[in-house]
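Open the model in a viewer, colour the chain by secondary structure and keep the selection panel at hand. The stops below say what to select and what is there.

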Amino acid sequence: MRISNIKIIEDSVKSVSCTGDKDSGSHPQIFLKLNEEGSIECYYCGKIFIHKSKFKKNNV
Ligand SMILES: [Zn+2]
């Protein structure tokens, strides 16, 4: 399994778009809605989008 690649986003953001990246390969643009925990994983490339505040909490 590829090492997760995490993208920090602002807490006010409710959905994100993803087109992949250079490392994991590009894919068609998709829109992902964040879940209640403030994170979502792209099902194409496995990139994880997470709210800034959640990410800090998880790393304390
Ligand atoms: Zn993606």
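Select residues 15-21 and residues 25-33: these are strands β2 and β3, which pair in the antiparallel sense over six bridges. The coordinates in view are a predicted model.

Now go to the end of the pair where the chain turns. A hairpin of three residues joins β2 to β3. Pick Asp21 and look across to β3: its bridge partner there is Gly25.

Next, select residues 52-58, which form helix α1. Within helix α1, pick Lys56. Is Lys56 buried or exposed? Lys56 has 11 C-beta neighbours inside 10 Å, and therefore counts as exposed, since the exposed class takes in residues with 12 or fewer.

Finally, clear the selection and show the whole chain. How many helices and strands does the protein have? There is one helix, together with five strands.

Of the 60 residues in the protein, 8% are buried. Among contacts with a separation of 6 or more, 38% are between residues 24 or more positions apart.

Key: Residues are numbered from 1 along each chain as its sequence is written. This is a predicted model: local features need pLDDT of at least 70, side-chain atom pairs count only at pLDDT 80 or more; totals for chains, interfaces and linings use all residues. Helices (H or I, at least four residues) and strands (E, at least two) are DSSP runs, numbered from the N terminus. A residue is buried if 20 or more other C-beta atoms lie within 10 Å of its own, exposed if 12 or fewer, and partly exposed in between; C-beta atoms are placed from the backbone. Two residues are in contact if their C-beta atoms, placed from the backbone, lie within 7 Å. Two strands pair if DSSP finds at least two bridges between them.
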